[in-house]
Each structure stands twice: as C-alpha cells, then as structure tokens.
Amino acid sequence: MSRKNPQGFWRCIAATTKHFSGNGYRYITRHKRATDLFAAWVLVIRLASRMPIRGLLVSDSGRPLSPEDMAEETRFPAELFEFALPEFCKPEIGWLEEVPL
C-alpha cells in the first residue's frame, strides 16, 4: 500500500524463467540501491507466497499489508518497503502492480 493510494494493495506479477535476464532485473542491477531492491524483492515474494490468496499482499482479514506490516513480518525496516514497492511498480521493472480495493 502506498502513501499515495492508501486504499490499494500490492499484487506480485508472476516471475518468469527470464527473471534474472529480463529488463526489470537489469534495471535494478544498475540502480544506486540495487542491493536494497533485490533484498526487498526476495522478502516480498516470500511474504506473497504465504498470503491467504497467494501473490496478493493482503492479510487474513482482507486488509492490505503496509510497509510497517511487512517490516514486522520480515524484521527488516519499513523504509526498505516504502522505497522498494513503488520501484517494483515502475514500467521498467514491472514486478508488482498496485490494485485499488
């Protein structure tokens, strides 16, 4: 959930076998915070795999996960998710999409 769209939630886009050779991967490897982005992505896909509806970052109660929720679950700082989630939605990466409720 972004601060710009507090009513939305994040949905993972299925990664293909070209994940590490695709445009999104190349884009993040050139980013000045590439390590943060990659670490955040690993954490996001682990979270998404455990959600009630796999791939949707929404809790059992149907509430979208906030960066603070993700931080609580992963023990990584909320700032990491606040930074990374919008980056993953950029067309250059395209690994997440923000979906309105």
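The legends below describe close-up views of a predicted model of one protein chain.

**Figure 1. Overall layout of the protein chain, with four helices and two strands.**
In sequence order, the elements of the protein chain follow the pattern β-α-α-α-α-β. The protein chain has 101 residues, and buried residues make up 44% of them. Among the contacts in the protein chain with a separation of 6 or more, 64% are between residues 24 or more positions apart.

**Figure 2. The crossing of helix 2 and helix 4.**
Helix 2 spans residues 34-49 and helix 4 spans residues 78-89. Their axes come within 9 Å and cross at roughly 90 degrees. Angles of 65 to 115 degrees count as roughly perpendicular, so helix 2 is roughly perpendicular to helix 4. On the side of helix 2, the contact is made by Asp 36, Leu 37, Ala 40, Trp 41, Leu 43 and Val 44. Helix 4 contributes Leu 80, Phe 81, Phe 83, Ala 84, Leu 85, Glu 87 and Phe 88. By residue class, the contact of helix 2 with helix 4 divides into eleven nonpolar, no polar and two charged residues.

**Figure 3. The edge-to-face pair of Trp 41 and Phe 88.**
The structure holds four aromatic pairs. In the pair of Trp 41 and Phe 88, the ring centres are 5.1 Å apart and the planes stand at 75 degrees. Plane angles over 60 degrees count as edge-to-face, which is why this pair is classed that way. Trp 41 belongs to helix 2 and Phe 88 to helix 4, and the pair links parts of the chain that are 47 residues apart. Both Trp 41 and Phe 88 are buried.

**Figure 4. The tilted pair of Trp 41 and Trp 95, and the ring cluster.**
Trp 41 also forms an aromatic pair with Trp 95, at 4.8 Å centre to centre and with 45 degrees between the planes. This second pair is tilted. Trp 95 lies in the loop between helix 4 and strand 2, whereas Trp 41 lies in helix 2, so the pair ties together parts that are 54 residues apart in sequence. Trp 95 is buried, as is Trp 41. Through ring pairs, Trp 41, Phe 88 and Trp 95 are linked into a cluster.

**Figure 5. Glu 98 in strand 2.**
Strand 2 covers residues 96-100 and includes Glu 98. The relative accessibility of Glu 98 is 27%. Buried residues are under 20% and exposed residues over 50%, so Glu 98 counts as partly exposed. Phe 88 is ten residues away from Glu 98 along the chain, and the C-alpha atoms of the two residues are separated by 9.7 Å.

The side chains of Asp 69 and Arg 63 are joined by a polar contact of 2.8 Å. When residues up to four places away in sequence are not counted, Asp 69 touches Arg 63 and Pro 64.

**Figure 6. Arg 75 in the loop between helix 3 and helix 4.**
Arg 75 is not a glycine, yet it has a positive phi of about 70 degrees. The relative accessible area of Arg 75 is 67%, so this residue is exposed.

Methods
Residues are numbered from 1 along each chain as its sequence is written. This is a predicted model: local features need pLDDT of at least 70, side-chain atom pairs count only at pLDDT 80 or more; totals for chains, interfaces and linings use all residues. Side-chain values use heavy atoms; hydrogens and water are left out. A polar contact is a pair of N or O atoms within 3.5 Å; within protein, one must be able to donate a hydrogen and the other to accept it, and residues adjacent in sequence count only if both atoms are side-chain atoms. Contact means heavy atoms within 4.5 Å. Axes are lines fitted to C-alpha atoms, for helices over the stretch in contact, and angles run from 0 to 180 degrees between N-to-C directions. Angles under 35 degrees count as roughly parallel, over 145 as roughly antiparallel, 65 to 115 as roughly perpendicular and the rest as oblique. Ala, Val, Leu, Ile, Met, Phe, Trp, Tyr, Cys and Pro count as nonpolar, Asp, Glu, Lys and Arg as charged, and the others, Gly among them, as polar. Buried means under 20% relative accessible area, exposed over 50%, partly exposed in between (1.4 Å probe, protein chains only). Rings of Phe, Tyr and Trp (its six-membered ring) pair if their centres lie within 6.5 Å; planes under 30 degrees apart count as stacked, over 60 as edge-to-face and the rest as tilted.
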